Amino acid sequence: MTEYALRMGDGQRIFMTKEQILTDLQEGMADAADLGTIPDLSGDELDKLVDIITTSSRMVGVEPGMEVPVTHDISTIRIDGDQGNSGVGIPSSRLVGMMMHERAFGADTMELGHIDYSYKPVKPIISQEQQTMEVCQQNMIVPLLYGAMPNMGLYYTPDGPFPNPGDLMKSFKIKEAQEAMEGAAEHLTRDIVWIMQRMMASGADGINFDTIGAAGDGDMFASLHAIEQLRKEFPDIYIETGMAGELMLGLHGEMEYDGTVLAGLWPHEQAPLAAKAGSNVFGPVVNTNTSKSFAWNLGRAVTFIKEAVKASTIPCHVNMGMGVGGIPMLETPTIDAVSRASKAMVEIAGVDGI
Amino acid sequence: MGMPISHIMTSGMSGIRAAGDLVARMEFSKSMRIGEAKDYVSKKLGVSTMDLSDEYVMRELREELGLGVITSVAGVPKGIAAKMNIEKLLDIKINSCEMFRNKIA
C-alpha cells in the first residue's frame, strides 16, 4: 500500500497511508468540534485536506487569485535576534531588517519591536523606539505597526509591583490572587496606551498585540481595554489582535468583557470580542500537539479556524508560527508542512490573511 | 527565517512586489475582509483581483502610479513619497504622511 511522507507534531518525518491520514484528520477535526461545540468539516473539505497532504511535491501553493496578505510578528528580531526568539543573529539595524522584509522577502506588512518584545520594558526606552519608528516610516512603504507582547506576568513580583498570583493561589488566597491580577491588568492597559500614544505621534500605522492571554484572562481583559481606549483616541489606528493560545486560560476566572466571561473562550468566541473592542484584524491560534501527526493537528486547526473566520466580523489573520496552526513545534519548521498548512488555512478555513 | 518566507511563497501577496501592501492597508484601515479589500484595490487600480498578486502587471503599474517598486530605481517615489501616492489612490489617510505634512511649513 502506498505510504506518504508527512510529519509528527514535533517535526519528525513519518509515513502513513491515505486511509491513516484520513483517520487522523477526522480524529483531529472531531477533537476540535467536541471542545468548541462547533461543526465538523464537510466530506469534500476532508478530501481536499488529504489531497494537500499527499501532494508529491515538496512545496504547495494556493490557487492563483486566492493569495492573502501575510502579516508579521517578532519584528526584525528574527534577523538580528538570538535563538530564544528564533533569530538568526545577523548584525543589522532594525531599519535594515525592516527593509529586508519589505524589499527582499515580499512581506505585505511589517512591525517594529524591541529585543525584549514586551510592552512594559518599552517605557524606559520609549524615545529610542519613537526615533526608530520615525526613521523606518520615512523609508518604508508597507503598513508598519508597533508590536510587542502584553505579557502581564511582568507586573508580578519579583519583576513588578503586585504579589504573584501563583504563589497566592498555592496558599489558597484566591481573592488576593484575583486582586493582584486586577491591579496588574489596570497597569498593563495604562502602559500599552501610554506607549502607543507616543508611537502614534512618531508615525506608526498602528499596533500589534502579540500573544494576548499568555498570562491568562487578565492579560486579555487588559488588552481589550487598551484596544478600546486606543480606538477612541485614534479612530484611524490599525489594530491587530493576536492571541497566545486556543483556549483563554481562566487564571482569574471571573473577568468579563462586554458581559462575557473571558475564561474558557475558544477562537470563535474570542473573535467577536476583539471586534467589539475596536480591532481591525483578529489573529486566532490553535496549538499543535507534538505527540500527534501533522494530519491530526491540521484537521483540528482548520476546524477551529474555519469557525473563527465564520464568527468574526473583521479579517482573521491566523497565527501560523512554530507550534500553532497545524505547523510542527520546532525551531525550524519544515517547509513541506508550513506550505501545506498555509494552503489549507487559505483554501479551506477561508482566512483573510496569515 | 524559512517559515515566514515559506508562507509568503505559498499564500502571500508579495508585498510591494505586487499589491500585497495595498490590500493589507484596506484590511487594516477599514476592516475589510479579503474579498472586499481585493475588490476595492483592484477597482482603484483598474485591474482584475488576480492581477493584484501578478508581478508582471504590478511592477509597471506601481512605477507608473508612483506607489513604490521593489527594485531600486533612482528617482521613483520611495518611503513617505510613495505612501502619499497610496493615500490618494486608496482614498485613505496614512498616519506617517499626516505627521510629515504637519511638520512642513
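A: K48(A) is partly exposed, with a relative accessible area of 29%. Buried means under 20% relative accessible area, exposed means over 50%, and partly exposed lies in between (1.4 Å probe, protein chains only).

Some ground rules come next. This is a predicted model, in which local features need pLDDT of at least 70 and side-chain atom pairs count only at pLDDT 80 or more, while totals for chains, interfaces and linings use all residues. Residues are numbered from 1 along each chain as its sequence is written, chains are lettered from A and ligands numbered from 1 in the order in which they are written, and side-chain values use heavy atoms, with hydrogens and water left out.

Back to the pair. The side chains of K48(A) and E347(A) form a salt bridge at 3.2 Å, N to O. Here K48(A) belongs to helix α2 of chain A and E347(A) to helix α11 of chain A, so the bridge links distant parts of the chain, 299 residues apart. A salt bridge means a side-chain nitrogen of Lys or Arg within 4 Å of a carboxyl oxygen of Asp or Glu. Helices (H or I, at least four residues) and strands (E, at least two) are DSSP runs, numbered from the N terminus.

Over all chains, the structure holds 22 salt bridges. Another one pairs R94(A) with E129(A), with the closest N and O atoms 2.7 Å apart. This pair also links distant parts of the chain: R94(A) is in helix α4 of chain A, E129(A) is in helix α5 of chain A, and 35 residues separate them. R94(A) counts as buried, at 16% relative accessibility. E129(A) is buried too, with a relative accessible area of 1%.

Next, a pair of sequence neighbours. R103(A) and E102(A) meet through their side chains in a salt bridge of 3.1 Å, N to O. R103(A) is partly exposed, at 25%. E102(A) is buried, at 0%. Shared partners also matter for the opening pair: salt bridges join K48(A), E63(A), K343(A) and E347(A) into one network.

Now the chain-to-chain contact. Between chain A and chain B the count is two salt bridges. R25(B) forms a salt bridge with D205(A), the closest N and O atoms being 3.2 Å apart. There are also 30 residue pairs in polar contact between chain A and chain B, both residues at pLDDT 80 or more. A polar contact is a pair of N or O atoms within 3.5 Å; within protein, one must be able to donate a hydrogen and the other to accept it, and residues adjacent in sequence count only if both atoms are side-chain atoms.

Several elements of chain A each supply at least two residues to the side that touches chain B: α3 (77–80), α4 (94–105), α5 (126–139), α7, β6 (238–243) and α11 (335–349). Of these, α11(A) gives the most, with six residues.

The size of an interface is often given as the accessible area lost when the parts come together. Chain A and chain B bury about 4,200 Å² between them, and 61% of that is on carbon and sulfur atoms. In chain A, E67(A), I141(A) and Y238(A) lose the most area to chain B, together 17% of what that side buries. Buried area is the accessible area (1.4 Å probe) that two parts lose on being put together, summed over both. By residue count, 61 residues of chain A are in contact with 45 residues of chain B. Contact means heavy atoms within 4.5 Å.

E87(B) sits in helix α5 (residues 79–90) of chain B. E87(B) is buried, with a relative accessible area of 6%. The side chains of E87(B) and R101(B) are joined by a polar contact of 2.9 Å. Leaving aside neighbours within four places in sequence, E87(B) is in contact with I92(B), K93(B), I94(B), C97(B) and R101(B).

Last, some backbone details in chain A. Most residues other than glycine have a negative phi, and most peptide bonds are trans. S75(A) has a positive phi near 55 degrees. S75(A) lies in the loop between α2 (43–54) and α3 of chain A, and is buried at 0% relative accessible area. Y117(A) has a positive phi near 55 degrees as well. Y117(A) lies in the loop between β3 (110–112) and α5 of chain A, and is buried at 2%. T157(A) and P158(A) are joined by a cis peptide bond, with omega about 5 degrees.
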